Amino acid sequence: MTEHTGLKKQRVAVLGSTGSIGVSTLEVIALHPDRYEVFALSAATQVDKMLAQCLQFKPTFAVMASPEHGWELEEKCKQNGLLTRVLYAPKAIEEIAEHPQVDTVMAAIVGAAGLASCLAAARAGKRLLLANKEALVVGGDYFLQAVKQGGAKLLPIDSEHSAVFQSLPDDASTWAAQIDKIILTASGGPFRRHDPAEFASITPAQACAHPNWVMGRKISVDSATMMNKALEVIEARYLFGVQSAQIDVVIHPQSVIHSMVQYRDNSVIAQLGTPDMKVPIAYGLAWPDRVVSGATALDFSCMADMTFESIHSNGHGERFPGLKLAWSVLAGAPGSTAVLNAANEVAVAAFLDGRIRFDQIHTVNMETLNAVTPEPPGSLEDLLALDALSRRAAESVAQRLGR
Ligand SMILES: NC(=O)C1=CN([C@@H]2O[C@H](COP(=O)(O)OP(=O)(O)OC[C@H]3O[C@@H](n4cnc5c(N)ncnc54)[C@H](OP(=O)(O)O)[C@@H]3O)[C@@H](O)[C@H]2O)C=CC1
Ligand SMILES: CC(=O)[C@@H](O)[C@H](O)COP(=O)(O)O
Ligand SMILES: [Mn+2]
C-alpha cells in the first residue's frame with residue numbers, strides 16, 4: 001500500500017473490468033482517488049472498452065484473455081502513448097491477482113473461468129471481493145481452504161450475500177451460535193407471473209430483461225430460471241458456514257430488501273437499498289468503513305409496496321424447478337456443485353446461442369447431474385477436470401435436444 005494524504009491507498013486489480021460489475025467498480029473507485037488506485041485490469045474480448053478504461057485509470061497492467069485481443073490492445077495503447085503493460089492468456093490474470101503490489105482483487109469474471117484467479121488471489125492473501133459466485137460454487141471447501149491458508153479476507157459482493165454480511169455480527173465466531181436462518185430474497189425475475197406452459201417460447205431478449213437489475217447476460221438468464229438463486233444458496237452455504245437447511249429463499253419482487261438474517265430469538269435483521277451494485281461494491285472496497293457509493297438513496301415516501309411470496313406458492317415450484325437443485329447438490333457427493341455449475345453454464349450459453357429452448361436449461365442441468373458422478377476434488381486440476389467432464393456431458397445433452 002502507498003501512503004497518501006494520511007490514508008493508505010488500496011491498489012486494486014479489477015478482473016472482468018469491462019463487464020457490468022467491473023464498470024460499476026471503476027465508477028466507485030473514480031469517486032475516491034485518495035483511497036483507491038487501479039493497478040491492473042482484465043477483460044476477455046472488449047478491446048475498445050478496455051482501452052478507454054486504461055486511458056482513464058492508467059493501470060500498470062492490462063490483461064486480455066487471448067493473444068489476439070491482447071495484441072490489438074497493445075497496439076492501441078502504444079498509439080495512445082499509454083505506459084500500461086499489456087499481458088495476455090489466462091495465466092496472466094492469475095499473475096495480476098497474486099501480484100505483490102496488489103492489495104485488493106475484485107473478482108468479476110463470469111463463470112468458472114474466474115476460479116483460478118480467485119484461488120491465486122486467495123493464496124496470496126488479498127482482500128478478495130467476490131462477485132464471481134460461480135468460482136465459489138465450483139471451488140467449495142477447496143476455495144475456503146485457499147482463503148484460510150493464504151490469510152485472505154473474503155468479502156461478498158453479490159447483493160444478497162453483502163446484505164447478509166452487513167446483517168451479521170462482526171465476530172464470525174459467534175455466527176453459528178446466534179443464527180437461526182439466512183433468508184435470501186429473490187425478485188422472481190421477468191417470468192414470475194408467466195405461464196410455465198409458455199416457457200418453451202421465451203427468447204433470449206425476454207430472459208435478459210430483468211425487472212430490477214441491469215446485469216450481464218449470463219446472470220440475467222440465471223435470474224430468469226432462478227438458477228441464480230440456486231447458485232446463491234450454495235454461495236451462502238460456503239460464505240457463512242451454515243447448514244443448507246438453514247438457508248431459505250423468499251420472493252420479494254421489488255428487490256428493496258437485499259436479504260436477511262433471522263436470529264435464535266426470532267429477531268430479523270435485514271439490509272435495504274435501491275437495486276444498485278455500487279452499494280455492495282463500495283462496502284466491499286471500504287469495509288469495515290463506509291464510503292460514498294454513487295447509488296441513489298431509497299425514498300420510502302415513494303415506495304408503494306414491499307411484498308413477499310413463498311417459493312412454494314403460485315406455481316413457483318413448477319415455474320422454477322432448478323431452485324431446489326441447490327439443496328440436493330449440497331447434500332450430494334463432493335463436487336456435485338461444480339457439476340451443476342458447469343451444466344448450467346453450458347445450458348445458458350446454448351440458450352443464448354439459440355441452440356436450446358429456455359425450458360430445456362433445466363433438462364440439461366438434470367441430465368448432466370444424472371450422467372456425471374464426481375470424484376472428490378482435491379486440487380485446482382481436479383476441479384478443472386471435473387468442470388471439463390461436466391461440460392462435455394452437458395454439451396452432448398444440449399446437442400441432442402438442439403434445434
Ligand atoms: N451484474 C451484476 O449486477 C451481478 C453480477 N454478479 C456476478 O458477477 C460476475 C460478473 O457478472 P457481470 O458483470 O454481470 O458479467 P458480464 O458478462 O457483464 O462481465 C463479465 C466480465 O468477465 C470477462 N470475461 C468473460 N469471460 C471471460 C474469460 N473466459 N476469461 C476472462 N474474462 C472473461 C468479460 O470480458 P469481455 O466483456 O471483455 O468479454 C467481462 O469483463 C458473475 O459471476 C455474476 O454472477 C453477482 C451479482 C450481481
Ligand atoms: C444484483 C444481484 O445480486 C443479482 O444476483 C440479483 O440479485 C438478481 O436478482 P434475482 O436473482 O433475485 O432475480
Ligand atoms: Mn445476487
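## Shell around ligand 1

By class, 13 nonpolar, 11 polar and 4 charged residues make up the shell around ligand 1. The model is a predicted one. The shell counts 28 residues, and Gly-16, Gly-19, Ala-44, Met-215 and Gly-216 come nearest to the ligand.

Three helices each supply at least two residues of this shell: H1 (20-30), H6 (133-150) and H10 (217-225). H1 gives the largest share, with 3 residues. Domain 1 (10-157) and domain 2 (173-273 + 300-402) each provide at least three residues.

## Shell around ligand 2

Which residues lie around ligand 2? They are Asp-158, Ser-159, Glu-160, Ala-186, Ser-187, Gly-189, Trp-213, Ser-223, Asn-228, Lys-229 and Met-277. By class, 3 are nonpolar, 5 are polar and 3 are charged.

Helices take part here too. H7 (159-166) and H11 (227-240) each supply at least two residues of the ligand 2 shell.

## The annotated N-terminal region

An unreviewed UniProt entry annotates residues 12-140 as "domain: 1-deoxy-D-xylulose 5-phosphate reductoisomerase N-terminal". In the model, the chain over residues 12-140 is 47% helix and 22% strand.

## Packing of H1 and H12

H1, which supplies 3 residues to the shell around ligand 1, packs with helix H12 (residues 278-286). The axes of H1 and H12 are 9 Å apart, and the angle is about 60 degrees. Are the two helices parallel or oblique to each other? Angles from 65 to 115 degrees count as roughly perpendicular and those under 35 as roughly parallel. H1 and H12 are therefore oblique to each other. Their crossing is right-handed.

Most peptide bonds are trans, and most residues other than glycine have a negative phi.

Pro-288 is found in the loop between H12 and strand S13 (309-310). Where is Met-226 found? Met-226 is in the loop between H10 and H11. H10 supplies at least two residues of the shell around ligand 1, and H11 supplies at least two of the shell around ligand 2.

Terms used
Residues numbered from 1 in each chain as written. Chains lettered and ligands numbered in written order. Predicted model: local features only at pLDDT ≥ 70, side-chain atom pairs only at ≥ 80, totals over all residues. Near = placed C-beta within 6 Å. Helix = DSSP H or I, 4+ residues; strand = E, 2+ residues; numbered from the N terminus. Nonpolar A, V, L, I, M, F, W, Y, C, P; charged D, E, K, R; others polar. Domains from an automatic or database assignment. UniProt positions renumbered as here; feature names shortened; annotations may be inferred. Axes fitted to C-alpha atoms, helices over the stretch in contact; angles between N-to-C directions. Parallel < 35°, antiparallel > 145°, perpendicular 65-115°, else oblique. Left-handed = near helix turned anticlockwise from the far one by under 90°.
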